[in-house]
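Student: I would like to learn how to read aromatic pairs, helix packing and pockets in a model. Could you take me through them one at a time?

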Amino acid sequence: MKNEQRRKPVKTTFDKFINDDSEERARFDKEYSEFLLSEFVLEKMEEENLSVRGLAEKANVSPTVIQKLRSSSTSDHISYRTFLDVIDTLGYKVNLVRK
């Protein structure tokens, strides 16, 4: 029988820079959540054929708020109430669940 050598698992770039650094992991998780929210808003706007202005008018918020949500650049700078208004306008509601 051959003497099998055990290989060390190869670390991916993600493992090296994210999983091994708790601060980087926290930043990644936050930014990824913002990205997902942005993608959700974009998808729903497309499904409903809504422009930035159209959604803003329906949600009674400024177009800048919608643009921020779409770009995920500063989605953490809008109020929770504003966020709920936009989500409600898109026909959804937020449910809080324990991790």
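Tutor: Let us begin with a term that we shall need for the side chains: a residue is called buried under 20% relative accessible area, exposed over 50%, and partly exposed in between. Please keep in mind that this is a predicted model.

Student: How is a pair of aromatic rings described, and how many aromatic pairs does the structure hold?

Tutor: In general, a pair of aromatic rings is described by the distance of the centres and the angle of the planes. The structure holds four aromatic pairs. In one of them, F28 and Y32, the ring centres are 5.8 Å apart and the planes lie at 10°, so this pair is stacked, planes under 30 degrees apart being counted that way.

Student: What kind of pair do F40 and Y92 form, and which parts does the pair tie together?

Tutor: The F40 and Y92 pair is edge-to-face, with 5.0 Å from centre to centre and 80° between the planes. Since F40 lies in helix α2 and Y92 in the segment after α5 (80-89), the pair ties together parts that are 52 residues apart in sequence. F40 is partly exposed at 25% relative accessibility, and Y92 is partly exposed at 35%.

Student: How are two packed helices described, and at what angle do α2 and α4 pack?

Tutor: Two packed helices are described by the angle between their axes and the distance between the axes. Here α2 and helix α4 (residues 63-71) pack at an angle of about 115°, with their axes 6 Å apart. On the α2 side the contact involves L37, S38, V41, L42 and M45, which meet I66, L69, R70 and S71 in α4; by class, the residues of this contact divide into six nonpolar, two polar and one charged.

Student: What is the volume of the largest pocket, and which residues line it?

Tutor: The largest pocket has a volume of about 230 Å³, and the residues lining it include L37, F40, Y80, F83, I87 and Y92. Helices α2 and α5 each supply at least two residues of this lining, and α5 gives the most, with three residues. By class, the lining has nine nonpolar, one polar and one charged residues.

Note on methods:
Residues numbered from 1 in each chain as written. Predicted model: local features only at pLDDT ≥ 70, side-chain atom pairs only at ≥ 80, totals over all residues. Heavy atoms only, no water. Phe/Tyr/Trp six-rings, centres within 6.5 Å; stacked < 30°, edge-to-face > 60°. Helix = DSSP H or I, 4+ residues; strand = E, 2+ residues; numbered from the N terminus. Buried < 20%, exposed > 50% of the residue type's maximum accessible area, 1.4 Å probe, protein only. Axes fitted to C-alpha atoms, helices over the stretch in contact; angles between N-to-C directions. Contact = heavy atoms within 4.5 Å. Nonpolar A, V, L, I, M, F, W, Y, C, P; charged D, E, K, R; others polar. 1 Å grid on protein atoms, 1.4 Å probe; cavity = no way out; pocket = protein on both sides within 12 Å on 5 of 7 lines; lining within 4 Å. Points joined across faces, edges and corners; volume = space filled by probe spheres on them.
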